[in-house]
Amino acid sequence: MNPSARAGTVADAVRASAPAMLVALAAGVGAVAGSFAAVGRVPAFVAAPVARLVVATTPDVVIRYSILLLGSLGDGIAFAMALAVTALLFAAVVWTVRRAAAATDGDRLDAAVAGTALSLVAVLVLAVALAGDAASAVGATVGAALPLGVAALAGRSTEPTSAARRTALGSLAAAVGLALAGGVIGSRRTVPAGGGASTVPADSAVGRLLELARDRSLDVAGIEPLVSERFYEVDINQVDPDPDRDEWTLSVTGAVETPGEYSYDDITSMPVEHRFNTLRCVGESLNGMKMDNALWTGTPLTRILDDAGLQGDYVMMRAADGFYEEFSVSALRNGFLAWGMNGADLPRGHGAPVRALIPGHWGEINVKWLTEIEILDEEMEGYWEERGWHGTGPVNTVAKLHAVNRLDDGRIEVGGHAYAGTRGVDRVEVSVDGGDTWTDAELSEPLPGDDVWRQWVHRYDAPGTDHEVVVRATDGTGTLQPEDERNAFPNGPSGWVSRTVRA
Ligand SMILES: Nc1nc2c(c(=O)[nH]1)N[C@H]1C(S)=C(S)[C@@H](COP(=O)(O)O)O[C@H]1N2
Ligand SMILES: [Mo]
């Protein structure tokens with residue numbers, strides 16, 4: 001056979017099996033959409049375990065940069081990959097079963113019906129295996145059945161080629177429709193992961209503290225108030241854990257005199273405190289947006305640690321998403337277990353039912369969805385340290401510049417937030433001539449708490465030319481933040497923020 005004839009045969013073969021493949025693909029997309037519509041973006045979604053697998057098999061160097069530096073972009077890419085792989089998985093199962101059925105002797109119509117029925121059983125089995133959840137698996141099966149049903153109806157034509165084309169087009173249209181509908185229904189179903197709205201009585205302790213934060217926030221357009229309106233989220237998950245509060249426990253293990261186990265009720269019946277606490281991600285850019293402040297409700301860790309009797313100098317905190325971070329017991333002693341945020345229950349995206357807050361340290365050891373506190377005799381590496389980061393220590397001092405406003409009186413207003421962990425921010429200076437001369441900025445009144453950011457603002461007469469605004473903070477120990485600019489990896493960003501302001 002000459003090469004062109006062989007190419008012709010291959011092309012014919014592809015053309016012949018293309019409709020069946022498209023129908024299988026449509027069923028795969030339908031299965032994913034159906035499961036999403038049934039349960040939303042929760043661990044029971046059929047793509048959730050695949051997303052975990054995608055992250056687990058991604059090389060560490062890629063993970064090192066994608067989650068902490070790319071943030072939500074890296075997240076989106078990984079989730080899209082997981083959706084595609086899951087749809088292909090279901091498509092492969094449907095295609096294989098239907099092809100096997102078609103190859104059997106006997107009536108063609110019977111074989112097709114049997115193939116479809118058997119492939120749906122296979123979809124159900126695969127969905128149960130992936131999700132372990134009845135609603136999710138039924139959703140996937142119904143989702144796969146629709147394109148297959150449409151394909152069967154559309155294919156009832158006497159003329160074979162047009163029947164095949166109509167079969168494929170019909171099932172694809174059904175899959176696209178399902179994907180859109182499933183996407184909308186599933187996103188509604190998923191509990192919002194962001195900071196939930198709070199309905200706090202003004203005369204409650206939380207209400208009074210939130211009001212204090214509003215009063216002390218500077219009136220500067222373009223910067224967030226002292227309690228963030230949108231709190232950043234960083235974690236290793238494409239699908240956040242969703243632990244059942246009533247079944248959730250926190251265990252204290254390892255080098256302790258008395259290991260302990262606490263339920264949600266145990267934790268929340270301990271002495272309640274409301275704390276302002278700022279978090280900043282070690283992987284953010286110098287002037288980035290992954291630094292926020294909230295009023296957290298919870299209980300100090302001291303009680304639990306005293307009950308356990310610690311016999312080691314290090315701690316490993318472990319979480320429901322498989323995340324783990326290790327740091328020193330001295331930092332742990334000031335720690336806090338939070339179950340509330342800005343007067344509402346701790347949102348799922350921020351670690352519900354209970355997360356850790358470790359004052360003054362980079363965000364990564366503020367473990368969300370906390371399940372275990374293991375005391376260690378020896379140092380170990382945490383999740384991010386195994387991937388090259390050094391993010392278990394205290395935060396770097398920073399003054400950010402997020403607002404440049406032209407005031408009605410012709411002056412320019414610049415402002416932002418400054419943060420130095422438990423050292424506190426004592427001073428923020430601004431230069432409007434590229435660092436030659438410096439003026440003290442106005443600072444917001446400090447909020448109560450040991451680990452809280454402040455806002456700064458500076459207003460000056462517009463010089464009428466392009467000029468460089470530079471800003472720098474001095475922490476509570478009198479130390480000026482270092483000028484040298486360093487990227488986030490591996491120790492967190494550092495340097496003075498500067499920005500050219502046009503005339
Ligand atoms: N269980 C768990 N906890 C986690 C993480 C995670 O991936 N899993 N990410 C950490 C990182 S890197 C940061 S910066 C903070 C962010 O907290 P937030 O999402 O509430 O802002 O959570 C930390 N706690
Ligand atoms: Mo982080």
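This is a predicted model: local features need pLDDT of at least 70, side-chain atom pairs count only at pLDDT 80 or more; totals for chains, interfaces and linings use all residues.
Visitor: What makes Ile236 count?
Guide: Here a polar backbone atom of Ile236 sits 2.8 Å from an oxygen atom of ligand 1.

Visitor: How do you know how much of ligand 1 the protein covers?
Guide: Accessible areas come from the Shrake-Rupley method with a 1.4 Å probe. On its own ligand 1 has 530 Å² of accessible area, and the protein covers 100% of that.

Visitor: Why is the space called a cavity?
Guide: On a 1 Å grid over the protein atoms alone, a cavity is a set of points where a 1.4 Å probe fits but cannot get out. The space taken by ligand 1 is the largest cavity, and about 270 Å³ of space lies in it.

Visitor: Which residues lie nearest the centre of the largest cavity?
Guide: Of its 22 lining residues, those are Val234, Asp235, Gly363, Glu364 and Lys368. Lining residues have an atom within 4 Å of a grid point.

Visitor: How should I read the labels?
Guide: Residues count from 1 along each chain as written, while chains are lettered from A and ligands numbered from 1 in written order. Local features need pLDDT of at least 70, side-chain atom pairs need 80 or more, totals for chains, interfaces and linings use all residues, and side-chain values use heavy atoms, without hydrogens and water.

Methods: A polar contact is a pair of N or O atoms within 3.5 Å; within protein, one must be able to donate a hydrogen and the other to accept it, and residues adjacent in sequence count only if both atoms are side-chain atoms. On a 1 Å grid over the protein atoms alone, a cavity is a set of points where a 1.4 Å probe fits but cannot get out, and a pocket is an open set with protein on both sides within 12 Å along at least five of seven lines; lining residues have an atom within 4 Å of a point. A molecule sits in a cavity or pocket if more than half of its atoms lie within 2 Å of its grid points. Grid points are joined across faces, edges and corners, and a volume is the space filled by probe spheres set on the points.
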